[in-house]
Amino acid sequence: MTSAKPVAESSSVVMPPERALPSSSVARAEAGRTIRIGEVADRLGLSLRSIRYYDETGLVTPTARTSGGFRLYSEADVQRLLLIMQMKPLDFTLEQMREVLDDLSILAGGHAETPEGAAPSASEQAAARERLARVSVDVEERYASARQRLEIASMFRDHLSAELWGATSDDSP
C-alpha cells in the first residue's frame, strides 16, 4: 500500500493564459495577421482536438486555410476561443455559447448570419444588448453557485488533510 500525496487536479477546464480583449480592441489587434492552429493551441493551452471541435460545432470558424488545408486563425478567432474558455467553467452549453458570441458580435458591429460588412440595425443591437443583460444576471448566479461549491469543496479538502496529516487550519486549544 502506498501513501497518498496531494496531487494537482486534472480537469477538462483549462485556465486561460490571458483575458479576452474587449471587441473594440480586437479590431486594432494585429489586423490581417493569421496564425496556424498549433500556434493558437500553444498560446491558449488548448489541445488541437478542442480547437478542431469548436470549429466542427461552428463556435469558432478559422478565418482562412492554407493551400495545404491548415486552419488559420485571426486575432478575433483567438479572442472567441478565450471567451469560450471563460464560459466553460460556468457550464454554458454549446448553444448558449454560440448565442452569447453572436450577440457580442452584433454589439461589436458584425453579424454572424449576414454577409461580411453588413452592419446590424439599431434594433438588432438593442435586442442583443437586452439578451446579454439577461446573460449577465445568469453569469452572476452561476458564479455565486460555483463559489459556494468551491467553499464546500475547500471544507472537505481541509477535513481530509486533517485526517491524513493531523493538520488543521483551526488548531485551537
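**Pocket, rings and confidence**

Modeller: Gladly! In this predicted model, the second largest pocket has a lining of 20 residues, and Leu83, Gln86, Met87, Leu90 and Val139 are those nearest its centre. Helix 4 (75-87), helix 5 (94-107) and helix 6 (122-165) are the elements that each give two or more residues to that lining.

Colleague: Which helix gives the most to the lining of the second largest pocket?

Modeller: Helix 6 does, with 5 residues. The space in this pocket comes to about 660 Å³.

Colleague: What makes up the lining of the second largest pocket by class?

Modeller: There are 15 nonpolar, 2 polar and 3 charged residues.

Colleague: Why is Arg142 said to lie over the face of Phe92?

Modeller: A charge over a ring needs CZ of Arg within 6 Å of the ring centre and within 35 degrees of the ring normal. Arg142 is at 4.2 Å from the ring centre and lies over the face of Phe92, so the term applies. Arg36 likewise lies over the face of Phe70, at 4.7 Å from the ring centre.

Colleague: How many aromatic pairs does the structure hold?

Modeller: The count is 1.

Colleague: What is the mean pLDDT of the protein?

Modeller: The mean is 85, with 80% of residues at 70 or more. Over residues 1-10, however, pLDDT stays under 50, and the model has 3 contacts beyond four places in sequence for them. Where pLDDT is low, predicted coordinates should not be read in detail.

Definitions and conventions: Residues are numbered from 1 along each chain as its sequence is written. This is a predicted model: local features need pLDDT of at least 70, side-chain atom pairs count only at pLDDT 80 or more; totals for chains, interfaces and linings use all residues. Side-chain values use heavy atoms; hydrogens and water are left out. On a 1 Å grid over the protein atoms alone, a cavity is a set of points where a 1.4 Å probe fits but cannot get out, and a pocket is an open set with protein on both sides within 12 Å along at least five of seven lines; lining residues have an atom within 4 Å of a point. Grid points are joined across faces, edges and corners, and a volume is the space filled by probe spheres set on the points. Helices (H or I, at least four residues) and strands (E, at least two) are DSSP runs, numbered from the N terminus. Ala, Val, Leu, Ile, Met, Phe, Trp, Tyr, Cys and Pro count as nonpolar, Asp, Glu, Lys and Arg as charged, and the others, Gly among them, as polar. Rings of Phe, Tyr and Trp (its six-membered ring) pair if their centres lie within 6.5 Å; planes under 30 degrees apart count as stacked, over 60 as edge-to-face and the rest as tilted. pLDDT is the predictor's confidence in each residue, from 0 to 100. Contact means heavy atoms within 4.5 Å.
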